[in-house]
Amino acid sequence: MKKIDLKLTTISKVILSPRDSEALYKDIDYSFLNYNHGKEISKEVNMIYPFYSYTNRALLMENNIENIKYYIPASSLKGAILSCIKEDDIKRTLLFNDININPTDISLENLFKYQYLDSETTKIKFEKFFENVGIETLQNGKSYDFYIDLNEYIEFDDILKDLKNKTIEKLNNYMSKLEIVIKKITDNKTNANYEFNMEISKELMNIINNINSELNNINDDEYILLLGGFKGKINSLNGEINMDDIKSGFYLCDIGDKKYLPYGLVKLKIGNWKYL
């Protein structure tokens, strides 16, 4: 066996939540919560999808965010990293650990989603999706060290290279879909909402530019992948896809200065390794 040290850095925001099974309800599971260094949650939020934590938060009216033990589950990390591996015997030999998360790196977010991108008559919308629901979200630009144990014959960097290529393929599909939408908007001059939608098309082009910019910033010794939920249907599919079959909206997060990216973009870097 050998041990490999790794560093995970969030490029965009990450959502990892048990969702409905552990949803928190206002005035039942919480009465007052602070996020983002004291910023109070929106009064319109009456249900929260929490980030994974070891803390049982049900029926705890006075949840202190700083005392909550958040973590990235080993199973989520392993599933994302080994998504391109078909051999179960290889998967079984890689041992992952949970990653403990600093509670100050978690904030409460509303989901924002582009809707009606494929409609030829409706005004495209980018707005809060379920404004009464808040999602605990791991912020972008956060780094965490962790390690894995694996059999010495496994070339882990080859696995990450394959994952990197597959992730870039998914993001290229994502951008291709946006380009198709932009062309439809541009060509559909009879749409009563043409001028409004043309402004939206500029926003969509900015998203493409943002993704390309992040890809260009990935070094040869860094490996990009997608982790967590709300990545979008395209970013959940492998191989060739029929863009006409993709009708779902696009969830996007603001990583600062209204720079929007898909959720779940992270990168890994291999550190030291040793035989056990």
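1. In strand 10, Glu127 is the bridge partner of Lys113. Strand 9 (residues 111–115) and strand 10 pair in the antiparallel sense over five bridges; pairing here requires that DSSP finds at least two bridges between two strands. Strands are DSSP runs of E with at least two residues, and helices are runs of H or I with at least four, both numbered from the N terminus.

2. A word on the basis: this is a predicted model, where local features need pLDDT of at least 70 and side-chain atom pairs count only at pLDDT 80 or more, while totals for chains, interfaces and linings use all residues. Residues are numbered from 1 along each chain as its sequence is written, and side-chain values use heavy atoms, with hydrogens and water left out.

3. The open sheet has four strands in the order 10-9-14-15, with antiparallel pairing. Strand 10 (125–129) and strand 15 (260–261) stand at its edges with a single partner strand each, so one side of each has no neighbour in the sheet.

4. Now for a loop residue: Ser17 sits between strand 1 (2–10) and strand 2 (24–25). Ser17 is buried, at 14% relative accessible area (buried means under 20%, exposed over 50%, partly exposed in between; 1.4 Å probe, protein chains only). Its side chain reaches the backbone oxygen of Pro50 at 2.8 Å. Leaving aside neighbours within four places in sequence, Ser17 is in contact (heavy atoms within 4.5 Å) with Tyr49, Pro50 and Tyr52.

5. Finally, Leu95 lies in the loop between helix 2 (88–93) and strand 7 (99–101). At 42% relative accessibility, Leu95 is partly exposed.

Technical notes: A polar contact is a pair of N or O atoms within 3.5 Å; within protein, one must be able to donate a hydrogen and the other to accept it, and residues adjacent in sequence count only if both atoms are side-chain atoms.
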